[in-house]
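Hello,

Here is the structure I promised to pass on. Have a look at it first, and then read on for what turned up.

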Amino acid sequence: MPRTIRLPRADGTLEPYVMREPVAWAAPAGPIQSRVAYAAAHVVCDPLADCDPLADARLDWEATLAYRRYLWSLGLAVAEAMDTAQRGAPGGLGWPAARDLIRRSLAEARATGGTIACGAGTDQLAPGAPVTLDDVEHAYEEQVGWVERHGGRVILMASRALARAARSPDDYQRVYGTVLRQVSRPVILHWLGDMFDPELAGYWGARDLDQAMAVCLEIIREHHARIDGIKVSLLDAEREVALRARLPEGVRTYTGDDLNYDRLILGHGQRHSDALLGIFDAIAPAAAAALGALDRGDVAGYRQALAPTVALSRHMFRPPTYAYKTGIVFLAYLNGHQAHFRMLGGAESWRSIPHLVELFRLADCAGLLLDPERAMQRMRRVLALAGVG
């Protein structure tokens, strides 16, 4: 018997939707070999925490850490305490909670043999408050020190405070130089576009992206021995390819382009991007299968696994782009990785019911509703709470 669920159309009426048969994704033989592939992991909030939801992030630690174990089981690496984990978002994960998350996740990685890198930024500085370059440097030093003391690799996150304090490209060169000269192992830089965070507009000291890229490249060239790579989240494939071609030998490009990751990871000739992606949290089985195929030299298998996920990702990351996190948590809920669809700061409300309905359809088309019966039951529950049906 076909599995059918009644879903709302744009005019509010309901129509039957017939679910596809679930995909049996191949289990990976081990860690991905052909690419470095980080999934930026989401966090699971504690729905019973009696606290101010806009001021005090409380996590369900078992569900949060279990999701990291799941990603590692698929051969993926974990990028911890990034924007996918609602880092720095209103009501999201502040530095005290991020510090605890980093410590716990690094311990879990050691216990399971998982690969992990952790975000270090400046979000202990009060939003909107006046800051100096010294303040920014000290904040970075505190967070980098915390990650490294606990044995982690650093992802040096873009800083809202630096964007406020800097007056020229020289200020970025000063701050990044100060921090990079102190790291104990090569870090991953992080260029997050203003579509993800409007407060990062003009990062690297220039609103013109070609000028900003030139500043970024100058910093990388000067400190390349201390830089593993740079995560580029500009949602501009051509600009990422241009940056990739100009990087010093041995410095990786980690694509953060959740709209064009399929072709950027595949690459052209000898050049390709590695991955540090929020969408890999949501499409982990397909991403692992695709990269496993690439390990075997099976480009057709790579495309077959990954191509159907692109429409899902483009829907999930449509403007306002920062709200993509709601779709990621929604899909984790549909797939049984958490018992509820609630988020830090009430961010489950960032997307409309029509948006979530289309996400459900696209996830099904991509073979990413792993248990259709459970997914239908949970989709019906969400619709019922919205007064639909």
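Two strands count as paired if DSSP finds at least two bridges between them. Strands β7 (residues 187–192) and β8 (residues 227–233) are joined by six bridges and run parallel. Within this pair, His190 stands opposite Lys231 in β8. Please keep in mind that this is a predicted model.

Both strands belong to a closed barrel of eight strands, in the order β3-β4-β5-β6-β7-β8-β9-β10, with parallel pairing. From one strand to the next, the twist averages 25°. Helix α6 (residues 209–222) packs on the sheet and touches β7 and β8, and its direction makes about 170° with that of β7.

Now to the neighbouring topic, helix against helix. How do α6 and helix α7 (residues 237–246) pack? Their angle is about 30°, and their axes lie 11 Å apart. Angles under 35 degrees count as roughly parallel, so α6 and α7 are roughly parallel to each other. The contact is made by Leu209, Asp210, Met213, Leu217 and Arg221 on the α6 side, and by Arg239, Leu243 and Arg246 on the α7 side. α6 passes α7 in a right-handed crossing.

How many disulfides does a search of the whole structure find? The search finds zero. Buried means under 20% relative accessible area, so Cys45, with 7%, is buried. Cys216 is buried as well, with a relative accessible area of 1%.

Enjoy exploring the model!

Best wishes

Technical notes:
Residues are numbered from 1 along each chain as its sequence is written. This is a predicted model: local features need pLDDT of at least 70, side-chain atom pairs count only at pLDDT 80 or more; totals for chains, interfaces and linings use all residues. Side-chain values use heavy atoms; hydrogens and water are left out. Helices (H or I, at least four residues) and strands (E, at least two) are DSSP runs, numbered from the N terminus. Axes are lines fitted to C-alpha atoms, for helices over the stretch in contact, and angles run from 0 to 180 degrees between N-to-C directions. Contact means heavy atoms within 4.5 Å. A disulfide is a pair of cysteine sulfur atoms within 2.5 Å. Buried means under 20% relative accessible area, exposed over 50%, partly exposed in between (1.4 Å probe, protein chains only). Angles under 35 degrees count as roughly parallel, over 145 as roughly antiparallel, 65 to 115 as roughly perpendicular and the rest as oblique. A crossing is left-handed if the near helix is turned anticlockwise from the far one by less than a right angle, and right-handed if clockwise.
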